[in-house]
Amino acid sequence: SAASDVYKRQPEKYVPLADMLLSLTPSPLLLLCLVLVIALVESLALVGLLVPGVVLITSTASMAGHQDITLAWLIGAAFIGAVIGDGISFLLGYRHREHVTQRWPLSQHPEWLGRGSRFFERYGIWSVFIGRFVGPVRPIIPLVAGMMRMPPHTFIWANLTSAALWAPAYILPGYLLGRTWQHHLNCLLYTSPSPRDRTRSR
């Protein structure tokens with residue numbers, strides 16, 4: 001391509017850009033915290049409907065791919081955040097059933113609750129597990145499960161097992177994309193001639 005031809009002729013022009021991209025990437029600890037928080041918020045009742053969780057977690061995982069972060073830690077952070085988020089939603093429905101429906105945004109959008117209720121009635125105890133992977137009902141199902149008085153031990157089982165599958169499924173694509181770009185950046189940095197070499201070549 002034209003871009004690759006330019007790179008082959010003058011690769012040193014790309015080095016400042018690569019350095020800038022690396023400098024803008026947050027620290028590994030901050031990235032882990034971001035993944036945990038995004039997974040938590042994306043799983044919270046109703047909030048997840050307003051937050052583009054998939055885009056945010058994929059972008060953050062991609063940035064993590066540029067860092068020397070063990071993949072298991074990244075998946076673990078997403079797993080913990082998802083479990084906590086669904087757990088909070090379940091408790092809200094279980095303990096505050098009457099109040100939740102009278103508060104915004106459910107007071108303005110009762111159809112959200114109706115959609116979740118129909119999904120729960122159709123799939124029963126499997127709704128929490130399946131709902132984790134169904135975007136339109138994912139943030140509402142744990143709340144509905146609590147309101148329907150699903151046994152806590154049943155919910156915990158579904159919450160843990162679904163999060164164990166959800167975390168790698170949502171982390172891996174962005175992480176692998178980031179690793180691929182990092183590989184190209186490393187090749188760019190290591191193959192670019194140093195200022196001394198360029199002076200000698202002249």
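These legends describe close-up views of a predicted model.

**View 1. The overall fold is helical.** The protein has twelve helices and zero strands. Of its 202 residues, 41% count as buried. The protein exposes about 11,400 Å², and carbon and sulfur atoms supply 66% of that area. Among contacts between residues at least 6 apart in sequence, 81% join residues at least 24 apart.

**View 2. Helix α3 spans residues 28-43.** This helix has 16 residues. Its first and last C-alpha atoms lie 23 Å apart, close to the 22 Å expected. Its buried residues are Leu31, Leu32, Val35, Ile38, Ala39, Leu40, Glu42 and Ser43. In an α-helix, residues three or four places apart point the same way, because there are 3.6 residues a turn.

**View 3. Trp126, Phe129, Phe133 and Trp157 form one aromatic cluster.** The protein has seven aromatic pairs. One of them joins Trp126 and Phe129 edge-to-face, at 6.1 Å centre to centre and 85 degrees between the planes. Phe129 also pairs with Phe133: the ring centres are 6.3 Å apart and the planes stand at 55 degrees, so this pair is tilted. Phe129 is buried, with a relative accessible area of 18%. Trp126 is partly exposed at 45%. Phe133 is partly exposed too, at 35%.

**View 4. Arg149 lies over the face of Tyr94.** The distance to the ring centre is 5.0 Å.

How values were computed:
Residues numbered from 1 in each chain as written. Predicted model: local features only at pLDDT ≥ 70, side-chain atom pairs only at ≥ 80, totals over all residues. Heavy atoms only, no water. Helix = DSSP H or I, 4+ residues; strand = E, 2+ residues; numbered from the N terminus. Expected span 1.5 Å × (residues − 1). Buried < 20%, exposed > 50% of the residue type's maximum accessible area, 1.4 Å probe, protein only. Contact = heavy atoms within 4.5 Å. Areas by Shrake-Rupley, 256 points an atom, 1.4 Å probe, with all protein chains shown as cover. Phe/Tyr/Trp six-rings, centres within 6.5 Å; stacked < 30°, edge-to-face > 60°. Lys NZ or Arg CZ within 6 Å of the ring centre and 35° of its normal.
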